[in-house]
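The sequence and structure come first, followed by the details.

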Amino acid sequence: MSKKRPLDAVDVAILKALQKDASMTNQAIGELVGLTPGPTHSRIKRMKEEGIIKGIHADLDWKALGYEMFCFIELKVETSKAEEAGQILAQVPNLWNVCRLVDPTPEREATFRMWSVTDSYQTMLTIMGNLLETYDGFCDAQVHAMDMVSRNPGVMNVDRVLLGDQVPF
C-alpha cells in the first residue's frame with residue numbers, strides 16, 4: 001500500500017463518476033474529468049492501492065434474480081460463543097455486512113446484525129431455524145422484512161423456530 005496523498009478535485013470527480021457507473025472506461029472517465037486514459041488509469045490504480053477504492057460492484061436487481069424478500073436480521077448469541085458464531089455466520093450464503101455490535105453490557109449476549117435476500121419468508125425461517133437448531137449458542141433471531149422499494153420494515157420474530165428442512169450453510 002502506497003503512502004496516501006490528499007485527494008484533489010480530479011480524484012473526487014473520478015470517484016463520483018465510478019460511483020455513478022463503475023463500468024465506465026478510463027477514456028470515458030477521463031473525458032468527464034479532463035484527462036487522457038493513461039493518467040485516469042494511474043489515478044484509479046493509486047486510489048485502489050491506497051484503499052480508497054475497495055472494489056467495483058454490480059448493482060443487482062434482486063427481484064429479477066428471483067429474490068422476493070430483502071431483510072435485516074438481528075441474532076443474539078451467548079457472549080462466550082460470539083467469536084465462533086461470527087465465523088459460522090460468515091459462511092451462510094446470501095448474508096452480507098455481518099457485524100457484531102459493541103454492547104456496553106456484554107455479560108450474557110452478543111448481538112450480530114446483517115442483511116440478506118432470499119426467495120421467500122419460508123426460506124428465511126428455514127435458514128434461521130436451522131441456525132438456531134444446529135448451533136446452540138444462538139439465543140434469539142429477529143428477521144425484519146424490508147420492502148425492496150419503500151424499505152418499510154415489518155417485523156417477524158423467529159425466536160426458536162425449529163423447522164425440519166435442512167438448508168446447507
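## Glutamate 74 and its partner

In this predicted model, the side chains of glutamate 74 and arginine 113 are joined by a polar contact of 2.6 Å. Glutamate 74 belongs to strand S1, which covers residues 69-78.

Is glutamate 74 buried or exposed? Its relative accessible area is 15%, and the limit for buried is under 20%, so glutamate 74 counts as buried. Apart from neighbours within four places in sequence, glutamate 74 is in contact with Thr111, Phe112, Arg113, Asp140, Ala141 and Gln142.

## Salt bridges in the model

How many salt bridges does a search of the whole structure find? The search finds seven.

## Aspartate 8 and arginine 43

Aspartate 8 and arginine 43 form a salt bridge in which the closest N and O atoms are 2.9 Å apart. Aspartate 8 is located in the segment before helix H1 (9-20), while arginine 43 is part of helix H3 (residues 37-49); the pair therefore ties together parts that are 35 residues apart in sequence.

The two partners fall into separate accessibility classes. Aspartate 8 is partly exposed, at 28% relative accessibility, whereas arginine 43 is buried, with a relative accessible area of 18%.

## Aspartate 11 and its two arginines

Aspartate 11 takes part in a salt bridge with arginine 5, at 3.6 Å from N to O. Arginine 5 has a relative accessible area of 34% and is partly exposed. For aspartate 11 the relative accessibility is 0%, so this residue counts as buried.

Aspartate 11 also meets arginine 46 in a salt bridge, with an N to O distance of 2.9 Å. Because aspartate 11 lies in helix H1 and arginine 46 in helix H3, this pair ties together parts that are 35 residues apart in sequence. Arginine 46 is buried, with a relative accessible area of 13%.

Definitions and conventions: Residues numbered from 1 in each chain as written. Predicted model: local features only at pLDDT ≥ 70, side-chain atom pairs only at ≥ 80, totals over all residues. Heavy atoms only, no water. Salt bridge = Lys/Arg side-chain N within 4 Å of Asp/Glu carboxyl O. Buried < 20%, exposed > 50% of the residue type's maximum accessible area, 1.4 Å probe, protein only. Helix = DSSP H or I, 4+ residues; strand = E, 2+ residues; numbered from the N terminus. Polar contact = N/O pair within 3.5 Å; in protein donor to acceptor, adjacent residues only side chain to side chain. Contact = heavy atoms within 4.5 Å.
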